[in-house]
Amino acid sequence: GGRTGRETNMASFADAPAGNAAKGAKIFKTKCSQCHVAEKGGGHKQGPNLGGLFGRTSGTTEGFAYSKANKEKGVVWSETTLYDYLLNPKKYIPGTKMVFAGLKKPQDRADLIAHLKNATA
């Protein structure tokens, strides 16, 4: 059977390719680490510490001054919500302070999420 366009577009995490945490670590280092520390108990930088990210509500980490938009979004971070968010953060949370264009490739997002699951736990 041939694939339909919908199966290959990987619009949601359910359709995403399997993530590679090692590749995700490289993506984090090049694209995220100047503003974020992934490990629990790490400090805040320009962006909040990401420890305990999965299952946490946006805008709730103590000691970080979030945008009103991030606090009001009230999204619970999971593979599914991060996959959507990381495609286009400014579209997902209009008014966010995060200066990041997003990761357009499904594989890059899946890899980054695989890394974050380990690194932020």
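Biologist: What is the volume of the largest pocket?

Modeller: The model is predicted, so this is a computed value. The largest pocket comes out at about 590 Å³.

Biologist: Which residues of its lining are the closest to the centre of the largest pocket?

Modeller: The lining of the largest pocket has 32 residues. Helix 2 (21–32), helix 4 (79–87) and helix 6 (106–119) each give two or more of them. The closest to the centre are H36, G47, P48, Y85 and M98.

Biologist: How many residues of the lining are nonpolar, polar and charged?

Modeller: Take the lining of the largest pocket by residue type. It divides into 17 nonpolar, 12 polar and 3 charged.

Biologist: Is S67 buried or exposed?

Modeller: S67 sits in the loop between helix 2 and helix 3 (68–73). Its relative accessible area is 10%. Buried means under 20%. So S67 is buried.

Biologist: Which backbone nitrogen lies 3.1 Å from a polar atom of the S67 side chain?

Modeller: Set aside neighbours within four places in sequence, and S67 is in contact with G95, T96 and K97. At 3.1 Å lies the backbone nitrogen of N70.

Biologist: Where does T96 lie, and is it buried or exposed?

Modeller: T96 lies in the loop between helix 5 and helix 6. Its relative accessible area is 11%. The cut-off for buried is under 20%. So T96 is buried.

Biologist: Which residues is T96 in contact with, leaving aside its neighbours within four places in sequence?

Modeller: One polar atom of the T96 side chain lies 3.2 Å from the backbone nitrogen of M98. M98 is also one of the residues closest to the centre of the largest pocket. Beyond four places in sequence, the contacts of T96 are S67, A69, N70, Y85, P89 and K90.

Biologist: How many salt bridges does a search of the whole structure find?

Modeller: Side chains of opposite charge can pair when their charged atoms come close. E72 and K68 meet in a salt bridge, at 3.3 Å from N to O. K117 and E79 meet in a salt bridge too, at 2.9 Å. The search of the whole structure finds 2.

Biologist: What separates E72 and K68 in helix 3?

Modeller: Both E72 and K68 are exposed. An α-helix has 3.6 residues a turn, so residues three or four places apart point the same way. E72 and K68 are 4 residues apart in helix 3, so what separates them is about one helical turn.

Biologist: How many residues apart are K117 and E79?

Modeller: K117 is partly exposed, with a relative accessible area of 40%. E79 counts as partly exposed at 24%. K117 is in helix 6 and E79 is in helix 4. The pair links distant parts of the chain, 38 residues apart.

Biologist: Which residues of helix 4 are buried?

Modeller: The cover over the buried residues of helix 4 includes helix 5 (89–92) and helix 6. Those buried residues are T81, L82, Y83, Y85 and L86.

Biologist: What distance separates the C-alpha atoms of N118 and F13?

Modeller: N118 is found in helix 6. N118 counts as exposed, at 55% relative accessibility. N118 and F13 are 105 residues apart along the chain. Their C-alpha atoms are separated by 17 Å.

Methods: Residues are numbered from 1 along each chain as its sequence is written. This is a predicted model: local features need pLDDT of at least 70, side-chain atom pairs count only at pLDDT 80 or more; totals for chains, interfaces and linings use all residues. Side-chain values use heavy atoms; hydrogens and water are left out. On a 1 Å grid over the protein atoms alone, a cavity is a set of points where a 1.4 Å probe fits but cannot get out, and a pocket is an open set with protein on both sides within 12 Å along at least five of seven lines; lining residues have an atom within 4 Å of a point. Grid points are joined across faces, edges and corners, and a volume is the space filled by probe spheres set on the points. Ala, Val, Leu, Ile, Met, Phe, Trp, Tyr, Cys and Pro count as nonpolar, Asp, Glu, Lys and Arg as charged, and the others, Gly among them, as polar. Buried means under 20% relative accessible area, exposed over 50%, partly exposed in between (1.4 Å probe, protein chains only). A polar contact is a pair of N or O atoms within 3.5 Å; within protein, one must be able to donate a hydrogen and the other to accept it, and residues adjacent in sequence count only if both atoms are side-chain atoms. Contact means heavy atoms within 4.5 Å. A salt bridge is a side-chain nitrogen of Lys or Arg within 4 Å of a carboxyl oxygen of Asp or Glu.
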